[in-house]
Each structure stands twice: as structure tokens, then as C-alpha cells.
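This report covers the overall make-up of one protein model and a few of its side-chain pairs. The sequence and structure come next.

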Amino acid sequence: MSDSESEETTKINTDPVDNAWSLKIPSFKETDNPHGMIEESSFATLFPKYREKYLKEVWPLVEQAVGEHHLKAELDLIEGSMVVKTTRKTWDPYIIIKARDMIKLMARSVPFEQAKRVLQDEIGCDIIKIGNLVQKKEKFVKRRQRLIGPNGATLKSIELLTDCYVLVQGNTVSALGPYKGLQQVRDIVLETMNNVHPIYNIKALMIKRELMKDPKLANEDWSRFLPKFKNKNLSKRKQPKVQKPKKEYTPFPPAQPESKIDKQLASGEYFLNKEQKQAKKQQERQTKQAEAAKKQDERRNKDFIPPTEEPPTGSKRKANDNESSDSRVDVQSLKAKLLKANKKSKS
């Protein structure tokens with residue numbers, strides 16, 4: 001086998017991939033790193049006081065699980081911390097990160113039986129901080145309880161659909177499982193804290209699971225099958241009936257209102273003497289009194305003004321003439337009938 005052929009076989013494919021989840025990552029073996037680690041790496045995590053008793057009981061199992069990967073684990077009950085370290089025999093450079101995630105999960109009340117799964121290659125963890133997503137504490141508690149559901153039913157359905165272990169504890173949500181499921185769990189948690197009920201995302205995941213079973217729909221767009229939910233949260237603030245239009249913004253301040261002296265200067269009153277001012281005020285008072293008296297007379301005489309009558313139109317006149325002619329004919333016929341009746345009575 002030539003050198004060119006060996007280079008072609010070891011060449012890494014860097015072409016774009018349609019579905020990255022379908023790719024299988026090759027496992028990292030001890031033969032890939034025979035010389036081990038040169039420097040020592042360590043991570044420490046604090047744990048709350050109520051976890052001390054449980055960690056003390058489980059710590060021999062933790063040391064055993066970590067020792068299989070040539071790591072060391074220390075429990076400091078005085079400081080309240082857990083420490084993981086690499087050794088000279090450690091050959092996997094990423095296993096220390098996995099061990100760090102394991103002790104972080106155990107500090108957040110995840111049981112050891114679940115936390116030790118992080119040491120596997122295809123299993124990861126995600127600690128979602130939800131404490132700062134909602135400002136009011138009452139809303140935060142309600143939405144967190146909505147994520148858990150009645151008797152933990154909503155949380156259990158999320159675990160079944162995503163194949164992840166999910167634990168809601170305080171201001172964090174700890175998730176543990178395959179990487180695709182972790183992404184789905186994060187989306188559900190963040191949307192729940194943004195006032196979107198988790199049942200909507202659960203329904204979408206159930207529909208996707210059914211669509212995956214059909215090979216005909218593998219390369220089609222699934223958006224037409226997924227439910228579309230509109231946000232119906234309307235503002236409860238009552239809008240005013242009469243809304244004033246907003247004025248256009250101008251950088252210049254409004255003009256100052258005219259003072260009393262400015263008005264007198266504009267009308268010429270400022271240059272009059274006292275007698276002229278009094279005469280002008282008296283004249284204004286008389287004109288106001290005259291206008292008020294005129295309005296008073298109009299209001300009193302309003303009841304005595306006869307209403308205007310509309311003149312009869314041509315159609316009405318014709319109708320009256322027809323009625324009069326019909327009445328004449330009726331009178332003559334009546335007279336004839338009466339004469340006949342009188343003759344019969346005499347005979």
C-alpha cells in the first residue's frame with residue numbers, strides 16, 4: 001500500500017451533512033493515547049448541607065465509578081466540597097469534564113445511580129438556570145409547578161419523550177440523557193418559563209415521534225403536521241374611548257405665553273389713562289348686558305312663535321278631489337235607495 005493511498009483512507013470528510021444526529025462518533029480508546037496525561041487537572045464543586053449525609057453514604061461507590069477511568073475523587077466535609085482529579089494513568093482527556101458534570105449533578109440532588117450515566121460517551125448533562133427568567137416570585141413558582149405538573153405527570157411525559165432524566169430543584173433544572181433529548185428539554189423549559197404551556201411542546205414531540213415511523217415522510221417538511229398555537233394573552237389595560245393623537249416631536253421648546261402687559265400693548269390699552277380705561281370697561285359691560293338681555297328675550301318668546309306649516313303638495317290635493325267625487329256618487333246612490341224604500345213602505 002503506497003503513502004498516497006494511506007493518506008486518502010485517513011482523510012477526514014469535511015463535506016456538509018444533512019442530518020448530523022445520524023452520524024456515529026468513533027469511540028476514543030486507550031490505544032489512541034498510550035502516553036497518558038502530562039499535567040494534572042482537577043475540578044471542585046460545593047454542595048449544600050442537606051446533601052452531606054447522602055454523599056457520605058454513596059462516596060465509596062463514587063470512588064469506584066471514577067476509579068474505572070483512572071480518576072481520583074475526594075470528599076471534604078469541612079469545606080463542603082467534592083473534588084475530582086486526573087492521575088498518571090488517565091488516558092481519556094475528556095473524562096475529567098464528565099466527572100466534573102457528575103459531581104455537579106450530585107450537588108443538585110441528582111441520585112448517584114443517574115449521575116454516573118454521564119461518564120458514558122453518548123450521555124450528556126445540561127443544568128438550566130431558570131431563576132432569573134421570571135422577575136416576580138409568584139409567577140416563577142407557578143410556572144415551575146406547571147413544568148412539574150400534577151403529581152409529576154408533565155415531567156414524566158417529558159422524560160419518556162426525550163429519553164432524559166429531568167429534575168427540577170430550586171432555581172435550576174438538571175437534565176441527563178442523549179444530546180438530542182437535552183436540546184428538546186432545554187427548549188421546553190425555556191418556553192415554559194416564558195409562559196408557554198409545556199403540553200404544546202409535548203404534543204409536537206408526540207406527533208414527530210409518529211412521523212418518524214413513516215419512511216415516506218423522512219425527507220419532507222413536517223411543519224404542516226405540527227400544531228400551531230397562537231398567543232391569546234391580551235393586555236388587560238382598558239383603552240380610553242377618546243385617544244389623543246401624539247404631537248410631532250420638535251427639539252425646540254414651546255413659545256412662552258403672553259403676559260398681561262404684552263396683551264395690553266397689543267390692544268393699545270396700555271397707553272390709555274384711568275378715565276379712558278374705565279370708560280372702555282363700562283362700554284364692554286354694557287355690550288355684554290345687551291347681548292344677555294337679547295338672549296333672554298329670545299328664550300322667553302320661543303314658546304309663542306307659531307310652528308311653520310308645510311303647504312299641501314299636488315298629490316295630496318288630487319287624493320282629496322278623488323275622495324270628494326267618490327263621496328258625491330255615494331250620496332246620490334243613497335238618495336235613490338231611500339226613495340225606493342219609501343215607495344215600498346207606502347204601497
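## Arg186 and Asp126

Arg186 is partly exposed, its relative accessible area being 30%, where buried means under 20%, exposed over 50% and partly exposed in between (1.4 Å probe, protein chains only). The side chain of Arg186 forms a salt bridge with that of Asp126, at 2.8 Å from N to O. This pair links distant parts of the chain, 60 residues apart: Arg186 is in helix 7 (residues 179-193) and Asp126 in strand 4 (residues 124-129). Asp126 counts as buried, at 17% relative accessibility.

A salt bridge here is a side-chain nitrogen of Lys or Arg within 4 Å of a carboxyl oxygen of Asp or Glu. Helices (H or I, at least four residues) and strands (E, at least two) are DSSP runs, numbered from the N terminus.

## Basis of the model

The model is predicted: local features need pLDDT of at least 70 and side-chain atom pairs count only at pLDDT 80 or more, while totals for chains, interfaces and linings use all residues. Residues are numbered from 1 along each chain as its sequence is written, and side-chain values use heavy atoms, with hydrogens and water left out.

## Other salt bridges

The count of salt bridges is five. One of them joins Lys85 and Glu74, with the closest N and O atoms 3.5 Å apart. Lys85 lies in strand 3 (residues 81-86) and Glu74 in strand 2 (residues 71-76), so the pair ties together parts 11 residues apart in sequence.

## Whole chain

The protein chain has 11 helices and six strands. Of its 347 residues, 24% are buried.
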